[in-house]
Amino acid sequence: RQMMNEEASIEANEKHTVEYLVDMYACITCIEKLERARTRDLIDSNETYEANLEKLMKRFFTIEEQLEASELSRYRGFEAFMADYDMAAGCAAAKSRINKRIVERREEQLK
């Protein structure tokens with residue numbers, strides 16, 4: 001009976017990690033769509049773009065922290081994640097934007 005509880009616990013932990021991986025995929029995809037909309041001048045204002053980007057980037061960093069903290073996760077960073085899930089070519093704008101935000105975040109932390 002104890003072994004069944006341990007197995008159920010492991011499955012719950014794995015489910016939690018998989019949910020974060022799904023969230024990461026969705027977040028990167030949304031950033032890509034936002035970047036494309038901006039490039040095509042489909043967003044009415046820069047404030048709208050910035051507000052949505054900020055919301056998505058906060059979500060991205062939160063998800064990434066959770067994946068990095070997970071004992072079951074094999075997360076090796078978002079670029080490896082994008083390569084693993086064949087996102088690199090289809091989400092190039094998101095990759096570029098995320099990299100820029102990572103650099104900005106590091107610079108802010110150094111201040």
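Where is Asp-41 found? Asp-41 lies in the loop between H1 and H2, and point 3 returns to this residue.

1. Basis of the model. This is a predicted model, in which local features need a pLDDT of at least 70 and side-chain atom pairs count only at pLDDT 80 or more, while totals for chains, interfaces and linings use all residues. Residues are numbered from 1 along each chain as its sequence is written, and side-chain values use heavy atoms, with hydrogens and water left out. The pLDDT is the predictor's confidence in each residue, from 0 to 100. The protein averages 88 on this scale, and 89% of the residues score at least 70.

2. Elements. The protein contains four helices and zero strands, in the order α-α-α-α from the N terminus on. Helices (H or I, at least four residues) and strands (E, at least two) are DSSP runs, numbered from the N terminus.

3. Asp-41 is not a glycine, yet its phi is positive, about 60 degrees. Its relative accessibility is 65%, and Asp-41 therefore counts as exposed (exposed means over 50% relative accessible area, buried under 20%, partly exposed in between, with a 1.4 Å probe and protein chains only). Asp-86, also not a glycine, has a positive phi of about 50 degrees. Asp-86 is placed in the loop between helix H3 (78-84) and helix H4 (92-110), and counts as exposed because its relative accessibility is 71%.

4. Of the 111 residues of the protein, 31% count as buried. In soluble globular proteins, nonpolar side chains tend to be buried together.

5. Contacts. A contact means heavy atoms within 4.5 Å. Leaving aside residues up to four places away in sequence, Ile-28 touches Phe-60, Phe-81, Met-82, Met-87, Cys-91, Ala-94 and Ile-98. Of the contacts in the protein with a separation of 6 or more, 68% are between residues 24 or more positions apart.

6. Largest pocket. On a 1 Å grid over the protein atoms alone, a pocket is an open set of points where a 1.4 Å probe fits, with protein on both sides within 12 Å along at least five of seven lines; lining residues have an atom within 4 Å of a point. The largest pocket holds about 260 Å³ of space, a volume being the space filled by probe spheres set on the points, which are joined across faces, edges and corners. Its lining has 14 residues, with Leu-21, Ser-73, Arg-74, Tyr-75 and Tyr-85 nearest the centre. H1 gives the most to this lining, with four residues. By class, the lining of the largest pocket has seven nonpolar, three polar and four charged residues (Ala, Val, Leu, Ile, Met, Phe, Trp, Tyr, Cys and Pro count as nonpolar, Asp, Glu, Lys and Arg as charged, and the others, Gly among them, as polar).

7. Second largest pocket. This pocket has a volume of about 150 Å³. Glu-54, Met-57, Lys-58, Phe-61, Arg-101, Glu-104, Arg-105 and Glu-108 line the second largest pocket, with two nonpolar, no polar and six charged residues.
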